[in-house]
Amino acid sequence: MAEKASNWFFLIHILLQILKIHAKVPAIIVFGDSSVDAGNNNAISTVLKSNFEPYGRDFFGRKATGRFSNGRIPTDFISEAFGLKPTIPAYLDPSYSIKDFATGVCFASAGTGYDNATSDVLSVIPFWKELEYYKQYQKDLRCYLGNEKANEVLKEALYLLSIGTNDFLENYYIIPDGRSSEYSIEEYQNFLAGIAKDFVTQLYNLGARKISIGGLPPMGCLPLERTTNILSGSECIEEYNDVAKQFNEKLKGLVEELKVKLTGASLVYSDPYGILYDMIQNPISFGFEYAAVACCGTGLFEMGYLCDKLSPFTCSDANKYVFWDSFHPTEKTNGIIADHAVKGPLAQFLY
């Protein structure tokens with residue numbers, strides 16, 4: 001009997017330790033673009049949506065939620081890894097309430113960027129508006145939990161930012177007489193980094209203390225960009241990759257700067273570039289077969305409404321592909337990226 005009691009006490013001790021670890025992050029709060037949008041664009045008037053088949057075909061209940069993937073996105077996996085729910089709901093989804101948002105909420109909008117001009121391109125939610133939604137969320141959370149409990153959640157929550165690709169691929173390099181006529185590429189990078197700095201500082205002033213700033217992926221290797229590079233054999237556009245790496249270095253420097261300025265804040269830089277580039281260059285070693293083309297449609301240019309359920313070309317097994325559509329990773333890829341982040345820069349928030 002004594003031995004059984006001892007075993008029970010040991011199990012209870014382990015359980016309490018697990019709960020203690022997970023309790024360090026009571027909620028995950030997400031800002032950004034389509035890389036982390038859980039469906040906010042469903043609620044606004046824009047052509048950039050994904051709340052239809054075949055999007056979501058590998059999601060729980062085969063539901064197309066507005067996530068730009070065949071299944072879950074990185075922030076969903078991160079939430080689960082922190083002992084929270086397996087999916088983070090979109091703030092503008094009417095099927096959820098503050099009760100659901102209390103442990104995680106997503107304010108991201110596909111197609112947006114740091115630059116307000118980027119959100120104007122496809123009429124999506126600007127980055128500053130995401131912060132306004134967050135302010136309303138704070139008020140609602142305080143009404144729901146009470147001031148003391150809500151403030152504790154807001155302080156201990158993990159804030160994830162993933163944004164910036166659209167500023168370059170949808171804005172700077174595409175629009176004639178746009179930002180490229182106003183800024184050199186380095187000036188534009190500095191302009192965006194300044195917006196990131198202001199945003200994080202505002203988050204801090206609103207009570208956030210655990211913040212992860214995500215870098216850019218190897219955007220020259222996205223299938224859509226490789227398709228436009230057909231004259232060079234559909235290889236990655238190295239100019240775009242170089243810009244992503246340069247901007248990521250600026251974000252790293254920003255994190256170090258803010259660590260000094262924002263007393264009591266824990267800031268980290270989360271880098272998707274390296275792990276995604278490795279998957280693209282060595283797909284077989286990660287269990288993939290295809291990295292140059294995507295699963296949906298021909299895999300060359302389809303995204304959003306062009307990714308149609310009636311396309312006879314869409315692959316039957318997305319797990320063989322690094323990319324789901326011409327711009328966004330598959331669920332399998334998202335899981336690997338999330339695991340890399342949790343075991344890397346985000347690990348300090350687990351223990």
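The link of C221 and C236 is right-handed, with 115 degrees about the S-S bond. C221 lies in the loop between β4 (210-214) and α10, and C236 in the loop between α10 and α11 (238-261), so this pair ties together parts 15 residues apart in sequence. Helices here are DSSP runs of H or I with at least four residues, strands are runs of E with at least two, and both are numbered from the N terminus. The S to S distance is 2.1 Å. A disulfide here is a pair of cysteine sulfur atoms within 2.5 Å. C221 and C236 are buried. Buried means under 20% relative accessible area, exposed over 50%, partly exposed in between, with a 1.4 Å probe and protein chains only.

A word on the model. It is predicted: local features need pLDDT of at least 70, side-chain atom pairs count only at pLDDT 80 or more, and totals for chains, interfaces and linings use all residues. Residues are numbered from 1 along each chain as its sequence is written, and side-chain values use heavy atoms, with hydrogens and water left out.

Back to the cysteines. The structure holds 3 disulfides. C295 joins C315, S to S 1.9 Å. That link is left-handed, at -95 degrees about the S-S bond. C296 pairs with C307, with the sulfur atoms 1.9 Å apart. This one is right-handed, at 110 degrees. C296 and C307 both sit in the loop between α12 and α13, 11 residues apart. Number the bonded cysteines in sequence order, and the pairing reads 1-2, 3-6, 4-5. C106 is in no disulfide; its nearest cysteine sulfur, on C307, is 20 Å away. C106 counts as buried, at 1% relative accessibility. C143 is exposed, at 70%.

Next, helix α6, residues 147-156. Which residues of α6 are buried? A150, V153 and L154. They cover an arc of only 95 degrees around the axis, so they lie on the same side of α6. The arc is taken from the directions from the helix axis to the C-beta atoms. Their cover includes β1 (28-32), α5 and β3 (158-162).

Last, the pockets. A pocket is an open set of points on a 1 Å grid over the protein atoms alone, with protein on both sides within 12 Å along at least five of seven lines; lining residues have an atom within 4 Å of a point. The largest pocket is lined by 20 residues, with L122, E170, L224, M303 and F327 nearest its centre. Helix α7 gives the most to that lining, 3 residues. In the second largest pocket, α9 gives the largest share, 5 residues.

Definitions and conventions. On a 1 Å grid over the protein atoms alone, a cavity is a set of points where a 1.4 Å probe fits but cannot get out, and a pocket is an open set with protein on both sides within 12 Å along at least five of seven lines; lining residues have an atom within 4 Å of a point. Contact means heavy atoms within 4.5 Å.
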